[in-house]
Amino acid sequence: LEAVTFLINNAGLAAGKEIVGEANLDDWKLMLDANCLGAFRLANEVLPGIIQRGGGHVVMTGSIAGLEAYEGGSIYCATKHAAH
């Protein structure tokens, strides 16, 4: 990871479409871990090297779901909004 100068950071995992109150919390944890923490951890790993070398690029991709929610997508939409 020390030589990374350009990162396109994309994580997209959707699990379950139950409404809040009926959702499986393991699905929520899985989506939060993959879509948020996974993307943020990777950026955290490469940024020190990018800064040390004096420049580079990090592109974090999101999803339209992060801007426009859909029925049953509460946590997935929240995780995609976090990337925005």
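1. Helices and strands are here DSSP runs, of at least four residues (H or I) for a helix and at least two (E) for a strand, numbered from the N terminus. On that basis the predicted model has 2 helices and 2 strands. Their order along the sequence is β-α-β-α.

2. Overall dimensions. The radius of gyration is 15 Å, whereas a compact globule of 84 residues would have one near 12 Å. The C-alpha trace spans about 50 × 25 × 10 Å along the principal axes.

3. Burial and surface. Of the 84 residues, 29% are buried. The accessible surface is about 5500 Å², and carbon and sulfur atoms account for 58% of that area.

4. Contacts along the chain. Take the contacts between residues at least 6 apart in sequence: 56% of them join residues at least 24 apart.

5. Charge. The side chains include 5 positive and 9 negative ones. The centres of the two sets are 7 Å apart.

6. Which residues make up the largest nonpolar core? There are 6 of them: Ala15, Met31, Ala65, Ile75, Tyr76 and Cys77. Helix α2, residues 74-83, gives the most to this core, with 3 residues.

7. Helix α2 in its surroundings. The buried residues of α2 are Ile75, Tyr76, Cys77, Thr79, Lys80 and Ala83. Note that Lys80 is in this buried set. The buried residues of α2 pack against α1 (25-52) and against β2 (57-60). For isoleucine 75, the contacts beyond four places in sequence are Trp28, Met31 and Leu32. Met31 is also one of the members of the largest nonpolar core.

8. Phenylalanine 6. This residue is found in strand β1, which covers residues 6-9.

9. Glycine 16. This residue sits in the loop between β1 and α1. Glycine 16 is partly exposed because its relative accessibility is 43%, and the cut-offs for that class are 20% and 50%. Its contacts, leaving aside neighbours within four places in sequence, are Asp27 and Gly72. Glycine 16 and glycine 54 are 38 residues apart along the chain, and their C-alpha atoms are separated by 42 Å.

10. Tyrosine 70. The loop between β2 and α2 holds this residue. With a relative accessible area of 34%, tyrosine 70 is therefore partly exposed. Which residues does tyrosine 70 contact, leaving aside neighbours within four places in sequence? They are Lys17, Ala65, Tyr76 and Cys77. Among these, Ala65, Tyr76 and Cys77 belong to the largest nonpolar core. As for lysine 17, its C-alpha atom is separated from that of tyrosine 70 by 9.7 Å, and the two residues are 53 apart along the chain.

Conventions: Residues are numbered from 1 along each chain as its sequence is written. This is a predicted model: local features need pLDDT of at least 70, side-chain atom pairs count only at pLDDT 80 or more; totals for chains, interfaces and linings use all residues. Side-chain values use heavy atoms; hydrogens and water are left out. The radius of gyration is taken over C-alpha atoms; the globule rule is 2.2 Å times the number of residues to the power 0.38. Buried means under 20% relative accessible area, exposed over 50%, partly exposed in between (1.4 Å probe, protein chains only). Contact means heavy atoms within 4.5 Å. Accessible areas come from the Shrake-Rupley method with a 1.4 Å probe; for residues, only the protein chains shown count as cover. Lys and Arg count as positive and Asp and Glu as negative; His and the chain ends are not counted. The place of a charge is taken as NZ of Lys, CZ of Arg, CG of Asp or CD of Glu. A nonpolar core is a set of buried Ala, Val, Leu, Ile, Met, Phe, Trp, Tyr and Cys residues joined through side-chain atoms within 4.5 Å.
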